[in-house]
Amino acid sequence: MFKRLAKIGALLLALALPAAAPALAQGSLSDTYSGEELVESGHQFFGSASQGLASVVEKAVSQFGLPNGYILGEEAGGALFVGAKYGEGKLYTRNAGEYSIFWQGPSIGFDVGGDGSKVMMLVYNLQTIEEILGRYPGVDGSAYVIGGLGMTVTKRGNVVVVPIRSGVGARLGINVGYLNFTNQPTWNPF
């Protein structure tokens with residue numbers, strides 16, 4: 001009798017899970033943020049360094065559309081031809097809430113100096129929170145000595161991440177590397 005009930009329970013569970021899982025995955029991160037909402041959040045986060053933020057967000061939205069998530073955080077990095085970058089922040093989604101996120105990554109190129117940045121990352125095509133985790137390759141260029149605002153683009157699968165940085169430091173150059181998003185901090189840039 002117990003084995004028969006267990007089989008029936010397992011069958012009902014198997015039938016119920018596939019129907020519920022796609023609804024959660026599709027509905028949880030489908031709502032997007034408007035350009036005005038992003039600029040408002042950015043102005044509050046960047047403060048006085050936010051001049052030009054509206055034009056950078058406008059450029060990203062015109063190229064990629066409206067994001068369904070964004071990250072606000074801080075990062076620090078340095079390089080002497082070979083470098084590393086570390087950051088942490090919060091991923092905001094309309095329906096799935098806020099999640100702590102960390103990123104790190106190595107780089108190599110004609111890049112010298114160190115910097116610290118406040119970062120707003122626009123996230124596109126995110127179906128589940130777990131999709132953000134992993135390595136996003138890209139090319140990064142820096143050309144600021146006192147302060148500046150810059151945008152780069154990285155992509156992994158269908159997910160596109162557009163970091164917008166407002167940095168302070170002395171760094172000049174161009175490099176190739178990747179950002180590795182994790183749900184736990186680590187000192188290993190790889």
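In helix α2, the residues Gly-35, Leu-38, Val-39, Ser-41, Gly-42 and Phe-46 are buried; buried means under 20% relative accessible area, exposed over 50%, and partly exposed in between, with a 1.4 Å probe and protein chains only. They lie on the same side of α2, because they cover an arc of only 165 degrees around the axis, the arc being that of the directions from the helix axis to the C-beta atoms. Please keep in mind that this is a predicted model, in which local features need pLDDT of at least 70 and side-chain atom pairs count only at pLDDT 80 or more, while totals for chains, interfaces and linings use all residues. Residues are numbered from 1 along each chain as its sequence is written, and side-chain values use heavy atoms, with hydrogens and water left out.

Helix α2 itself spans residues 35–46, 12 residues in total, and reaches 16 Å from its first C-alpha to its last, close to the 16 Å expected at 1.5 Å a residue. That expected span is 1.5 Å times one less than the number of residues. Helices (H or I, at least four residues) and strands (E, at least two) are DSSP runs numbered from the N terminus. On the face turned away from the buried side, α2 carries the exposed residues Glu-36 and Gln-44. Just after the helix, Gly-47 takes a positive phi of about 65 degrees.

What sits over the buried residues of α2? The cover includes α3 (53–64), β1 (69–93), β2 (97–124) and β6 (159–182).

Leaving aside neighbours within four places in sequence, Leu-38 is in contact (heavy atoms within 4.5 Å) with Tyr-33, Val-57, Val-61, Pro-67, Tyr-70, Met-120 and Leu-122. A nonpolar core is a set of buried Ala, Val, Leu, Ile, Met, Phe, Trp, Tyr and Cys residues joined through side-chain atoms within 4.5 Å. The largest one has 16 residues, of which Leu-38, Tyr-70, Met-120 and Leu-122 touch the most other members. The elements giving two or more residues to this core are α2, α3, β1, β2 and β6, and α3 gives the most, with four residues. Apart from it lies another core of 15 residues, among them Trp-103, Val-161, Leu-179 and Phe-181.

Strands β1 and β2 pair in the antiparallel sense over 24 bridges; two strands pair if DSSP finds at least two bridges between them. A hairpin joins β1 to β2 through three residues.

Now to the charged side chains. The structure holds three salt bridges, each a side-chain nitrogen of Lys or Arg within 4 Å of a carboxyl oxygen of Asp or Glu.

| Salt bridge | N to O distance |
|---|---|
| Arg-94 and Glu-37 | 2.8 Å |
| Glu-75 and Lys-85 | 3.8 Å |
| Glu-75 and Arg-165 | 2.3 Å |

Glu-75 and Arg-165 are both buried, and Lys-85 is buried too. The Glu-75 and Arg-165 pair links distant parts of the chain, strand β1 and strand β6, 90 residues apart. Through shared partners, salt bridges join Glu-75, Lys-85 and Arg-165 into one network.

Arg-94 and Glu-37 meet in a salt bridge; Arg-94 lies in the loop between β1 and β2 and Glu-37 in helix α2, so the pair ties together parts that are 57 residues apart in sequence. Arg-94 counts as partly exposed at 33% relative accessibility, and Glu-37 is partly exposed with a relative accessible area of 33%.
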